[in-house]
Amino acid sequence: VQACLNGSRTAEHGAAVPMSPKDLARSAADAVAAGATEIHVHPKCPCGHDSLSPRRLLYTLTLPTILPV
């Protein structure tokens, strides 16, 4: 089961849509606890737009290993 945490949605779509790396990490942990075996995320820059910048990707993808959830 793949969990798609935020897709192209923005904060305007509601407070439940994870935008920050910390929110994505928490949502990913919740999804795995619920049975997800894959996580699909769209890293966002601080302004809320999708970002594939190496710095944003590194922070988003490594945060779960350093964040106590």
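Which backbone oxygen lies 2.9 Å from a polar atom of the side chain of Thr-60? I looked, and the backbone oxygen is that of Arg-56.

**Ground rules.** I am working on a predicted model, where local features need pLDDT of at least 70, side-chain atom pairs count only at pLDDT 80 or more, and totals for chains, interfaces and linings use all residues. Residues are numbered from 1 along each chain as its sequence is written, and side-chain values use heavy atoms, with hydrogens and water left out.

**Thr-60.** I found Thr-60 in helix 2 (helices are DSSP runs of H or I with at least four residues, strands are runs of E with at least two, both numbered from the N terminus). Thr-60 counts as buried because its relative accessibility is 6% (buried means under 20% relative accessible area, exposed over 50%, with a 1.4 Å probe and protein chains only). Leaving aside neighbours within four places in sequence, I listed its contacts as Pro-21, Leu-24, Val-41 and Pro-43 (contact means heavy atoms within 4.5 Å).

**Ser-51.** I placed Ser-51 in the loop between strand 2 (38-40) and helix 2 (54-66). Ser-51 is also buried, at 13% relative accessibility. A polar atom of its side chain lies 3.3 Å from the backbone nitrogen of Ser-53.

**Helix 1.** I noted Pro-21, Leu-24, Ala-25, Ala-28 and Ala-31 as buried in helix 1. Seen down the axis, the buried residues fall within an arc of 125°, so they line one face of the helix (the arc is that of the directions from the helix axis to the C-beta atoms). The face turned away from the buried side carries the exposed residues Asp-30 and Ala-33. Just after helix 1, I read a positive phi of about 115° at Gly-35.

Note on methods:
A polar contact is a pair of N or O atoms within 3.5 Å; within protein, one must be able to donate a hydrogen and the other to accept it, and residues adjacent in sequence count only if both atoms are side-chain atoms.
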